[in-house]
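Open the model in your viewer and keep the selection tool ready. The tour goes stop by stop.

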Amino acid sequence: MKMQNLSSEELWDLVENLNFAQKVDRSLGLIREAYQEFGDRLVVANSLGKDSVAVWHLAKRVSPDIRGFIITTRFKPPETIRFMEEEVARFPELRVFRNDEPLPDELYRFDPDRCCEVLKVTPTRWALEEMNTACWVTGLRCTEGRTRTDYREIEERDKGLIKLNPILLWHEREVWQYLALHQVPVNPLYAKGYRSLGCVVCTQITSGASERAGRWAGTSKCGGECGIHTRPLKLSSPARSPAQGN
Ligand code: SF4
């Protein structure tokens, strides 16, 4: 795939001026092109949030054979665990990865970056490696918050690993529009008022401009990132043992 040379201004112009149908077509086109190039080595990262389930639905329209992975942690809310089990039952081609290695008590409170590194970034590396991934597909969107304004639809942050962000240009409203039109099941936590979902100990219900303001609220990481979009993913990670989840 060709890397994009869009300036930030051009990108935001597309965010504001493409209509909903044009954005859907563009997203499908990006996934289709990547699937033609990478085939089975294209893998969707499914966080079970609204953006991920929209991308997963788009990918399934391109090919029912496309595979995906879910990263789960010991701190996921019960609603997310139940939703994950339902999704995996519906789509057995979704693999679940989880790191069960011991951690200091309340690490998420005094060093959330380290906690996310162990519980989220490390199993993401396992997933990408074990699924022989050449191109991973995410639900990242540039209007989500302050940390997500500088991405492109096609990236190569790690050499040899393409990252495709096919709904980068979508507004929050357009994600809900897509999910409603296609009657895609969503995590029940949205009905309680959450706008961005994560581990139960680090996520709050908030209102206001930033979709991600409820993530790590009250810490220096507020509205920030777990690291899977910012940390290198092709580092040589320690080989995982069977005790470290599936
Ligand atoms: S979101 Fe919180 S609990 Fe979950 S991995 Fe990150 S710091 Fe740990």
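**Start at a buried arginine**

Select Arg141: its relative accessibility is 0%, so Arg141 counts as buried (buried means under 20% relative accessible area, exposed over 50%, partly exposed in between, with a 1.4 Å probe and protein chains only). This is a predicted model, in which local features need pLDDT of at least 70 and side-chain atom pairs count only at pLDDT 80 or more, while totals for chains, interfaces and linings use all residues. Residues are numbered from 1 along each chain as its sequence is written, and side-chain values use heavy atoms, with hydrogens and water left out.

Glu211 lies in the segment after helix H7 (172–181) and Arg141 in the loop between E4 and E5, so the pair ties together parts that are 70 residues apart in sequence. Helices (H or I, at least four residues) and strands (E, at least two) are DSSP runs, numbered from the N terminus. Glu211 is buried too, with a relative accessible area of 5%.

Select Arg195 and Glu172 next. Their side chains meet at 2.8 Å, N to O. Arg195 lies in the segment after H7 and Glu172 in helix H7, so this pair links parts that are 23 residues apart in sequence. Arg195 counts as partly exposed, at 22% relative accessibility.

Switch to a cartoon view. An open sheet of six strands has the order E3-E2-E1-E4-E6-E5, with mixed pairing. Two strands pair if DSSP finds at least two bridges between them. The edge strands are E3 (94–97) and E5 (154–158), and each pairs on one side only. From one strand to the next, the twist averages 30 degrees. Axes are lines fitted to C-alpha atoms, for helices over the stretch in contact, and angles run from 0 to 180 degrees between N-to-C directions.

Select E1. Leu42 and Val44 point one way from it, Val43 and Ala45 the other way, and all are buried. E1 runs parallel to E4, joined by three bridges; Val44 stands opposite Val137 in E4. Three bridges also join E1 to E2, again parallel, and Val43 stands opposite Arg67 in E2.

Move to E5. It pairs with strand E6 (residues 161–164) in the antiparallel sense over three bridges. Glu155 stands opposite Lys163 in E6. Then show helix H3 (residues 50–62), which packs on the sheet and touches E1 (42–45), E2 (67–71), E3 and E4 (135–137). Contact means heavy atoms within 4.5 Å. The direction of H3 makes about 150 degrees with that of E1. Helix H4 (residues 78–90) also packs on the sheet, touching E2 and E3; its direction makes about 145 degrees with that of E3.

**Last stop: the ligand**

Select the ligand and its surroundings. Of the eleven residues around it, Phe75, Cys115, Cys116, Cys199 and Cys202 come nearest (near means that a heavy atom of the residue lies within 4 Å). Helix H6 (residues 112–130) gives the most to this shell, with five residues.

How values were computed:
A salt bridge is a side-chain nitrogen of Lys or Arg within 4 Å of a carboxyl oxygen of Asp or Glu.
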